[in-house]
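Dear colleague,

I am handing over the structure below, and the notes that follow it say what was found. Please read them with the model open beside you.

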Amino acid sequence: MAVALVLVLIVVGSVLFHLLSPWWWTPIASNWAYIDNTIIITFWITGIVFAAVVLFMAYCVFRFRHREANRAAYEPENKRLESWLTIVTAVGVTALLVPGLFVWSRFVNVPSDATDVEVVGQQWQWSFRLPGKDGKLGTSDTRDVSADNPLGVIGGDPNGQDDVVVEAADLHLPVGKPVKMLLRSIDVLHDFYIPEFRAKMDMIPGSVTYFWFTPTRTGTFQVLCAELCGQGHPLMHGVVVVDTQQDYVAWLGQQQTFAQLSAPQQTGSVEQAPGKTTGLKIAAKLETAGAR
Amino acid sequence: MSVILVFLLVIAGFAGWWLSHQRLMGKPWLEQGLASDFVAFDRSALPTAKIGLGVFLAVVGCLFALFTSAYFMRMTVSDWQPLPLPRLLWFNTGVLILSSVALQCASVAARRGQVDMVRLGLVTAGLTALAFLIGQLMAWRQLTDDGYLLSSNPANSFFYLITGMHGLHILGGLVGLGRTTAGAWNGARPERLRLSVELCAMYWHFLLFVWLAIFALLAGWAATFVDICQRLLT
Amino acid sequence: MVDITPADGIPPAEVAEVELYHPRSWWTKYVFSQDAKVIAIQYSATATGIGLVALVLSWLMRLQLGFPGTFDFITPEAYYQFITMHGMIMVIYLLTALFLGGFGNYLIPLMVGARDMVFPYVNMLSYWIYLLAVLVLVSGFFAPGGPTGAGWTLYPPQAILSGTPGGQGWGIILMLSSLILFIIGFTMGGLNYVVTVLQGRTRGMTMMRLPLTVWGIFTATVMALLAFPALFVASVMMLLDRALGTSFFMPAISEMGEQLPHNGGSPILFQHLFWFFGHPEVYIVALPAFGIVSDLISTHARKNIFGYRMMVWAIVGIGALSFVVWAHHMYVSGMHPYFGFFFATTTLIIAIPTAIKVYNWVLTLWRGDIHLTIPMLFALAFIVTFVNGGLTGLFLGNVVVDVPLSDTMFVVAHFHMVMGVAPILVVFGAIYHWYPKVTGRMLNEMLGRFHFWVTFLGAYLIFFPMHYLGLMGVPRRYAELTDMTIMTESAHHLNSFISIMAFIVGFAQMVFLFNLIWSIRHGREAGGNPWRATTLEWQTPHTPPAHGNFGKDLPIVYRWAYDYSVPGAKEDFIPQNMPGSFGPSREPA
């Protein structure tokens with residue numbers, strides 16, 4: 001009796017928790033509402049299956065619990081029933097898979113009007129690079145990374161000279177414009193993740209990965225690293241600000257290009273850039289933590 | 001990962017063949033009584049030790065298939081520079097073939113009960129296998145002397161890694177061979193001796209096959225072959 | 001009625017040319033024993049011991065997550081070391097070793113009607129190498145710099161760089177060496193389990209008469225033999241990268257402003273190798289649990305397992321399919337995005353045979369005679385948690401749904417539910433079920449019920465709410481959840497609640513351990529077959545089974561393993577080795 005009751009309570013409790021608890025996803029800020037919808041479909045289908053199986057079990061435990069002189073029925077198998085269950089399951093699985101693959105094909109096919117934005121991860125900070133007036137990012141190589149060239153942009157590439165470099169500071173994006181995030185790392189795996197945008201992708205040293213999205217509302221969003229990257233991993237935060245077009249242009253005007261940064265007389269201004277040393281700060285913080 | 005998947009497909013083929021003899025479609029609840037009708041399919045007539053060795057060789061094959069998969073995946077990166085294989089490897093291959101042949105002779109002799117021939121075969125196989133190992137070490141020396149160091153290029157790393165792994169398996173086999181040889185001198189029971197010799201021969205032939213495969217891989221023929229396959233498919 | 005009479009040409013029950021090993025001294029009987037039953041207990045005890053270490057580590061992690069900033073000694077460095085060792089121990093050194101080395105060794109020979117494993121000496125070596133692997137693993141705690149903190153996935157490059165605890169010290173080297181040893185040891189044991197099922201079955205024990213426990217362990221072992229080499233290859237190559245400076249997995253790296261000598265390596269290659277092992281590993285743990293739980297349900301519901309054939313096909317099918325789904329762990333790894341279509345499809349297909357197994361378990365309960373014994377309770381709890389965890393797998397297997405959820409607490413909750421809690425509940429159920437055979441005494445019922453309720457409800461309360469933290473976007477593997485805009489006040493409270501539940505559940509395990517030890521002497525006498533079960537291990541002449549298991553003659557098998565409540569039979573079970581036909585004519589269904 002008690003067991004059957006607890007099983008029913010588990011189902012009721014789980015459903016109530018799902019409906020009433022305050023813990024739910026963050027308000028979406030990108031075009032990936034498709035993903036949220038797919039999750040909702042999945043919740044419905046899996047929720048029904050979970051409730052059905054556990055409630056059926058509760059019924060069996062209640063109805064067929066052992067009593068004196070009870071004897072179980074003898075039924076080795078029931079092909080019809082099993083075939084039906086297989087078919088119903090296959091239909092359910094298809095109902096999950098088809099919308100999922102449909103949305104995935106959108107996810108991997110970047111619209112042609114998306115602007116490139118490069119994100120570079122390193123232990124433990126985020127830097128960004130935007131194409132300059134030519135609309136192209138210059139090539140880069142980890143071997144060219146140095147104190148003066150933190151992103152490893154290849155100096156000889158003319159496309160790279162006008163690239164806007166945002167080292168260890170906030171990234172701004174214009175609202176409503178699709179962006180293709182080109183992800184790169186110069187040391188270990190990282191993962192560029194903003195919960196409100198839903199999309200994420202690992203960054204791998206030695207290659208460039210990508211995902212795309214369109215910011216749909218203005219605001220300030222926190223970047224998290226979602227791939228373990230050493231002991232500073234939980235502190236590797238960043239900020240992406242989604243601006244109106246005007247604000248974005250104003251911000252862009254204040255940024256410096258690669259050519260400006262690599263010119264020797266400009267080095268003084270680099271040090272003023274806010275938050276430049278987050279990575280080092282984290283390393284210092286970890287060191288004191290280690291000393292305790 | 002295509003090499004390992006092809007390898008697993010072969011294993012799956014074996015497993016499927018075996019399963020198809022296990023009456024998976026039967027209705028066991030209807031079959032009471034002594035299952036003599038099915039016992040014929042039941043246990044393999046092969047000695048248990050041979051089946052054990054067979055399973056083990058499947059695992060070893062899996063290991064080398066995975067190394068090959070990794071090799072093919074890594075070699076697509078631009079920093080890959082194939083290294084010239086030392087001529088000595090041809091000689092080593094010959095020695096290893098000789099070793100396998102010697103064990104095959106020993107195995108045939110064991111079946112006929114010619115203990116002297118068995119002893120001769122075992123000793124020849126042991127010595128030639130040792131010669132193979134020494135030859136491999138000399139090839140390593142030659143390569144390092146020529147500046148092809150382990151860490152200077154991934155092709156070198158794979159060469160040392162795969163040949164080393166194969167050498168370790170030969171070394172392990174030599175332990176078994178040593179025990180068999182000791183048995184041949186100390187008067188082990190004939191059927192026992194015969195089984196041991198056959199097991200050694202099985203292992204040796206398999207490692208010879210592995211060696212030929214990795215030789216082809218390291219010499220670059222395997223890559224050409226895979227290339228041709230891919231072109232035929234597309 | 002198909003009644004088959006003995007005929008000529010029946011092979012002998014004993015395995016040819018394998019001589020039964022006889023211990024000569026106390027040492028060879030209890031320590032360096034070649035008896036599978038002793039080896040099974042050695043495996044189980046070692047796995048439990050190291051599992052306790054992992055349990056304590058999980059407490060320490062929950063202390064940090066539930067009450068951030070309170071415990072100074074849990075630095076980020078220490079946290080990552082705890083999380084890594086916890087994961088690796090639980091998956092490999094506890095669950096794999098316990099299911100295959102522990103249950104496999106004890107149950108396979110008894111259930112198939114053999115005197116012992118076919119290669120007892122190799123079997124013994126297997127245990128000692130496993131023990132060595134465990135010792136090497138534990139030595140990481142005492143090595144300079146401590147154990148590795150690379151996460152149980154050990155992804156390069158970070159696993160062998162200085163930003164990760166133990167990356168440039170001994171930690172990672174010891175971890176990789178320990179894994180290599182474990183794989184060598186496991187291969188030795190695995191050969192035994194497979195070949196014993198192939199060749200050691202007694203007369204009349206056809207494959208389709210095997211209990212599902214043996215099917216589960218057998219298939220899992222075959223998978224493990226083929227999957228572990230991938231981890232072996234990955235470990236050897238990473239060891240060379242770390243120790244000798246090769247570049248298998250290491251690309252050009254600028255670490256903290258310093259250029260490293262590596263060049264061109266592929267971190268993705270490691271991930272492919274790791275998950276080529278890692279995904280089958282999930283089923284290596286799950287399939288024995290599937291098999292065991294089938295037998296528990298059938299025995300304690302006094303009803304044959306529903307759809308036995310379908311269950312066997314599902315086990316084999318899941319085993320085969322699980323080799324072509326590995327990249328679903330890598331949807332956001334940056335591999336070619338078109339792989340997502342293929343792997344999402346294969347992953348969701350594997351849900352079908354898995355669902356069939358669940359249906360057949362609950363249909364076995366239907367019109368059964370359900371005895372709510374402790375093993376049965378654990379089996380029911382397994383179904384609840386496994387269904388829950390399996391269904392959240394449909395979220396993560398569906399490639400685009402995985403994008404926001406991967407690397408969050410949702411994943412942590414999912415895999416703990418499906419391959420942590422669910423198999424562990426089966427382990428407990430199995431221990432309550434077979435303890436009387438191993439020791440001759442029952443475990444204490446009161447303590448057992450306490451242990452069951454706290455473990456089941458507590459574990460559900462830990463991991464069910466955790467999914468919702470993941471849905472909020474809380475990433476996994478965060479040593480501190482501070483300074484994050486998505487972490488609301490209430491989410492911190494939820495974390496504290498989860499931590500408190502974790503301590504309660506952990507405490508219940510101490511009660512269980514006490515029960516295990518106390519009942520050896522003080523438990524109720526069990527008799528040979530306390531559950532009135534059909535399978536061969538309950539039909540041994542001695543309890544605990546003596547050396548050689550079955551006395552002078554091996555049992556002969558006349559029926560499948562599930563003749564419960566057969567109409568017309570006097571008792572509600574017919575042992576597999578009982579001759580004769582029972583029941584009304586059973587016309588083909």
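To begin with chain A, it is divided into domain 1 (2-64 + 78-108) and domain 2 (115-291), with bounds that come from an automatic or database domain assignment. Please keep in mind that this is a predicted model, in which local features need pLDDT of at least 70 and side-chain atom pairs count only at pLDDT 80 or more, while totals for chains, interfaces and linings use all residues. Residues are numbered from 1 along each chain as its sequence is written, and chains are lettered from A and ligands numbered from 1 in the order in which they are written.

Between the two domains of chain A, eight residues of domain 1 are in contact with 13 residues of domain 2, where contact means that the C-beta atoms of two residues, placed from the backbone, lie within 7 Å. The domain 1 side of this boundary has five nonpolar, three polar and no charged residues; here Ala, Val, Leu, Ile, Met, Phe, Trp, Tyr, Cys and Pro count as nonpolar, Asp, Glu, Lys and Arg as charged, and the others, Gly among them, as polar.

Turning to the chain interfaces, 88 residues of chain A are in contact with 99 residues of chain C. Helix H3 (79-108) of chain A is among the elements that give two or more residues to the chain A side, and H3(A) supplies the largest share of that side, 15 residues; helices (H or I, at least four residues) and strands (E, at least two) are DSSP runs, numbered from the N terminus. By class, this side of chain A has 51 nonpolar, 23 polar and 14 charged residues. For chain B, 46 residues are in contact with 59 residues of chain C. The elements that give two or more residues to the chain B side include helix H3 (48-74) of chain B, and H3(B) gives the most, with 13 residues.

One residue of helix H3 of chain A is A:Val103, which touches A:Tyr34, A:Ile35, A:Thr38 and C:Val400, not counting residues up to four places away in sequence. A:Val103 counts as partly exposed because it has 19 C-beta neighbours inside 10 Å, given that a residue is buried if 20 or more other C-beta atoms lie within 10 Å of its own, exposed if 12 or fewer, and partly exposed in between, with C-beta atoms placed from the backbone.

Strand E1 (residues 115-122) of chain A pairs with E2(A) in the antiparallel sense over five bridges, pairing being called if DSSP finds at least two bridges between two strands, and a hairpin joins E1(A) to E2(A) through two residues. E2(A) also pairs in the antiparallel sense with strand E3 (residues 164-166) of chain A, over three bridges. A:Arg129 of E2(A) stands opposite A:Glu118, and its bridge partner in E3(A) is A:Val165.

With best wishes
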